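Please walk through it one region at a time.

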Amino acid sequence: MNYKLIDMKVFGDERGKLISLEGNKNIPFEIKRVYYIFDTIPDFERGKHAHKNLEQIIVAMDGACQFVLDDGKTKETVWLNRPDKGLYIGPGMWREMRHFSYGCKLMVLASTYYDEKEYIRDYDEFLAGVNR
Ligand code: TYD
């Protein structure tokens, strides 16, 4: 399974908490793109795709949602519900996001610019690729 949960170092004191993310340091790739997902609806799922080369780190800045991660053989679920945990997802992983809490905000750091050609959005095509 090409994913892992990363503990972010927290700088905290009586004023609050701070986390710093740096490409090729605590983020294991050069950050080319940042996007965020908000105003999600609990009944609606997102994702349902894999990437050929893209690496991502996803952080639930607020609220919670569940990720289903699938390498074509095994499916595992991960809850993202803390701003000090980063979910790294590498290439070749089918992902689905569901059970969004109201107000959930996901920040995503990505290793490449957006490129629709880099997506695999058909599950059968994904399975054919990983079982090659
Ligand atoms: P989509 O891939 O459906 O989002 P999810 O990650 O939840 O599956 O993306 C929604 C729309 O946003 C789609 O039209 C593509 C566009 N988009 C960009 O233009 N740039 C980006 O960096 C991303 C992630 C999406």
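**A guided walk**

His99 is partly exposed, with a relative accessible area of 44%. Here buried means under 20% relative accessible area, exposed over 50%, and partly exposed in between (1.4 Å probe, protein chains only). The model is predicted: local features need pLDDT of at least 70, side-chain atom pairs count only at pLDDT 80 or more, and totals for chains, interfaces and linings use all residues. Residues are numbered from 1 along each chain as its sequence is written, and side-chain values use heavy atoms, with hydrogens and water left out.

Stay with His99. It sits in the loop between β10 (94-98) and β11. Strands (E, at least two residues) are DSSP runs, numbered from the N terminus. The phi of His99 is positive, about 55°, although the residue is not a glycine. Most residues other than glycine have a negative phi. Lys48 also has a positive phi, near 60°, and is not a glycine. Lys48 belongs to strand β5. With 34% relative accessibility, Lys48 counts as partly exposed.

What does Pro42 contact, leaving aside its neighbours within four places in sequence? The partners are His99, Phe100 and Tyr102. Contact means heavy atoms within 4.5 Å. Pro42 lies in the loop between β4 and β5. It is partly exposed, at 25% relative accessibility. Its C-alpha atom is 7.1 Å from that of Arg98, and the two residues are 56 apart along the chain.

The side chains of Gln66 and Arg98 make a polar contact at 2.7 Å. A polar contact is a pair of N or O atoms within 3.5 Å; within protein, one must be able to donate a hydrogen and the other to accept it, and residues adjacent in sequence count only if both atoms are side-chain atoms. Gln66 is in strand β7. It is buried, with a relative accessible area of 8%. Beyond four places in sequence, Gln66 is in contact with residues including Thr77, Trp79, Met97 and His99.

Now turn to the nonpolar interior. A nonpolar core is a set of buried Ala, Val, Leu, Ile, Met, Phe, Trp, Tyr and Cys residues joined through side-chain atoms within 4.5 Å. The largest core has 17 residues, of which Ile58, Phe67, Leu69, Leu87, Ile89 and Leu106 touch the most other members. At least two residues of this core come from each of β6 (56-62), β7 (65-70), β8 (75-80), β9 (85-89) and β11 (105-110). The most, three residues, come from β7. A second, separate core of nine residues includes Ile6, Met8, Phe29 and Val59. In soluble globular proteins, nonpolar side chains tend to be buried together. Leu106 is in contact with Ile58, Val59 and Phe67, among others, when neighbours within four places in sequence are left aside.

Finally, the ligand. Which residues are around the ligand? They are Arg33, Tyr35, Arg46, Gly47, His49, Tyr114, Tyr119 and Arg121. A residue is near a molecule if one of its heavy atoms lies within 4 Å of it. The largest share of this shell, three residues, comes from β5. One lies 2.6 Å from an N or O atom in the side chain of Arg46. For a polar side-chain atom of Arg121, the distance to a ligand oxygen is 2.9 Å. For a polar backbone atom of Gly47, it is 3.1 Å.

How values were computed: Helix = DSSP H or I, 4+ residues; strand = E, 2+ residues; numbered from the N terminus.
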